[in-house]
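The sequence and the structure come next.

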Amino acid sequence: MKINVMDELMIDRRGIGVNFNLNGKTQILVWAPKAKNVLIRIEENENLTLEKQDHGYWQLITDCLKPGMNYQMVLDENVLPDITALWQPEVHGASKAFDLNEFVWKDQHWQNIPLEEYIIYELHTGTFSVEGTFDGIAEKLDYLQSLGITAIELMPVAQFPGERNWGYDGVFPFAVQESYGGPFDLQRLVNSCHEKGLAVILDVVYNHLGPEGNYLAEYAPFFTEKYKTPWGNAVNFDDAGCDGVRRFFIENALMWLRDFHIDALRMDAVHAIRDFSTKHILAELKEYVDQLSQNSGKKYYLIVECDLNDPRFVNPPDKGGYGMNAQWTDEFHHALRVTAGGEKEGYYSDFNGIGDLAEVFNHAYVYHGQYSAQRDKSFGADPTYNLGEQFVVFSQNHDQVGNRMLGERSSQLFSFEIQKLMAATVFVSPFLPMLFMGEEYSEPNPFLYFVSHTDPELIKLVRQGRKQEFAAFHTKGEAPDPQAEKTFRDSKLSWHVLSQPLHQCMLNYYKALITLRKSHPALRTTNRDRCRAEADQESRVLSVSRSQAGSSVLCLLNFSEEAQEAPLPQYRNSQIIFNSADRQWNGPIGRDIKIDRPIIKLPPASILIFEQYV
């Protein structure tokens, strides 16, 4: 029986790959346009032939393949894993059949939370807990809830070689990493999160695949030589044969949202997606996600990493945009770290401290049309009409920590007072705040780059690449071996330090900041029109005014290591509601700061937040 598979991208169920339906039948749909024959080999002893369909698809409906059985695809004489497998215990081995409908969900009440209420906690499954599994995360959900987190963000979980990887070397986009617990345990984790009122963001990678175990090109034209990316040939979103590629990734996104109940996707480095189609792949994906939302009655969000400073990505379709709900804003991080006294090497060289920090508060981007020396051109556009909730900001993330040679966190680079000030800068912004796992208690362990490839030549190339990348930093020692298990172990969070007073103090400080962010109307709002930042270059003081619904706050941030005076115009109507230099946060001063003139003396490396009454 022939089907028109191009019209069969169903919103409410997965179409490609191996899927089980309620009447006990298994439907198999494979895209292999150049194959002359396609078989499925079950448990290495039974071959079943798929029937050719239009547009290079092959189909079979059978009752011979059951959940838990091993199987492989045979394209002509080529025996391969299933690139759409949901369960792929080993990247070069057999796939394992998995029934998406087997898990019994108990989150029927869950409808997601408004995006503006997201307080995000980015974590890496393998290093977050001692176990390095989804169950290990589940055991810490009460902790995250008490911290005030409303959404966890999982770094990529698609199957990669071995047991150690950041996740960006994934090669089976539909399969859940075996060492983390596999697909069933991910469903169970998401269910537990929803029962505790936590949203789940999943990091997905649609701009490239990893170098080992990538079998996509054996099936179809998944890559094109038209464009080059840092990882080689680009994913084929607009060249000959791209319809099947686009369907593959759209089905992937819908699966995570629909079948794993994920609330939002964070898409890696979408500036590396090359697509000159009349409808960009992101815009098409957004249309399908909106249809899923309409069918399910649940809200889903699409968040992108993008370094183009182009509002088109987050503008709605009726404004000529792709309709993404939010984007990461690396420039907030860069301006903040330079302001705090961090290095100005590499991409930091384009940032000039506190003036740029004021710029990003006021414009969401530092560069919104002005000249960039590093790029030697005018760069960016002003996202004038975009809401604050469309920009995710942070003082640390996996990239900014892990791409350093020694993977040092802020705890190893900045003083305790500056760490507190940087955290407060994130939370008093009108943007969505994100933490990187462990920063809330000043985690001392690094987050290093690690892999567990099995190809000796690839391992050699990765090691050489890391050494060459950091050759100029030889005075700091050798770059840790990314293949070594010790590098992975050294990157695990050291939860035991929470028994030490200084780390407990930082945790309590973060809790207080998050509580203030959630409870105060002027800080909770993501209305950028009611936020204004001004920088004093000489004193290195940033003044941030926020207001909403008759409530106003003035935040004075002193990035100097000396006490500084700053204007406090409405001093008679001002009351301090937060002081990072307070002794309860291991600061140098007590709670009483006199407010008796229109100038206030700010402690070194501190933030004072004033409630201002009309």
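## Hairpins, sheet and surroundings

In the hairpin formed by β24 and β25, 4 residues lie between the strands, and R540 has a positive phi near 60 degrees. The model is a predicted one. Strand β24 covers residues 531-536 and strand β25 covers residues 541-548; the two run antiparallel and are joined by 6 bridges. Within this pair, A535 is placed opposite L542 of β25.

β25 also pairs with strand β26 (residues 551-558), again in the antiparallel sense, over 8 bridges. Here S545 has L554 in β26 as its bridge partner. The hairpin of β25 and β26 has 2 residues between the strands, and A549 takes a positive phi near 50 degrees.

Another pairing involves strand β2 (residues 26-31) and strand β6 (residues 57-62), which are antiparallel and share 6 bridges. W31 faces Y57 of β6 across this pairing.

| Strand pair | Residues | Sense | Bridges |
|---|---|---|---|
| β2 and β6 | 26-31 and 57-62 | antiparallel | 6 bridges |
| β24 and β25 | 531-536 and 541-548 | antiparallel | 6 bridges |
| β25 and β26 | β26 is 551-558 | antiparallel | 8 bridges |

β2 and β6 belong to an open sheet of 4 strands, ordered β1-β2-β6-β5 with antiparallel pairing. The edges are taken by β1 (17-20) and β5 (51-52); each has a single partner strand, so one side of each has no neighbour in the sheet. In general, strands of a sheet pair through backbone hydrogen bonds, in either a parallel or an antiparallel sense.

### Cysteines

How many disulfides does the count give? The count comes to 0 disulfides. A disulfide is a covalent bond between the sulfur atoms of two cysteines. For C531, the closest cysteine sulfur is that of C555, at 8.4 Å, which is too far for a bond because the cut-off for a disulfide is 2.5 Å. C531 is buried, with a relative accessible area of 8%. C193 is buried as well, with a relative accessible area of 0%.

Where is K196 found? K196 sits in the loop between α4 (182-195) and β14 (199-204). Its relative accessible area is 31%, so K196 counts as partly exposed, the class between 20% and 50%. Apart from neighbours within four places in sequence, K196 is in contact with L141, D142 and Q145. With D142 there is a side-chain polar contact of 2.8 Å. K196 and W110 are 86 residues apart along the chain, and their C-alpha atoms are separated by 10.0 Å.

### The chain as a whole

The protein chain contains 16 helices and 30 strands. Its radius of gyration is 25 Å, close to the 25 Å given by the globule rule for 614 residues, so the chain is as compact as a globular protein of that length. The C-alpha trace spans about 85 × 50 × 50 Å along its principal axes.

Of the 614 residues, 62% count as buried. The chain exposes about 24100 Å², of which carbon and sulfur atoms supply 48%. Among contacts with a separation of 6 or more, 72% are between residues 24 or more positions apart.

Technical notes
Residues are numbered from 1 along each chain as its sequence is written. This is a predicted model: local features need pLDDT of at least 70, side-chain atom pairs count only at pLDDT 80 or more; totals for chains, interfaces and linings use all residues. Side-chain values use heavy atoms; hydrogens and water are left out. Buried means under 20% relative accessible area, exposed over 50%, partly exposed in between (1.4 Å probe, protein chains only). Two strands pair if DSSP finds at least two bridges between them. The radius of gyration is taken over C-alpha atoms; the globule rule is 2.2 Å times the number of residues to the power 0.38. Contact means heavy atoms within 4.5 Å. Accessible areas come from the Shrake-Rupley method with a 1.4 Å probe; for residues, only the protein chains shown count as cover. A polar contact is a pair of N or O atoms within 3.5 Å; within protein, one must be able to donate a hydrogen and the other to accept it, and residues adjacent in sequence count only if both atoms are side-chain atoms.
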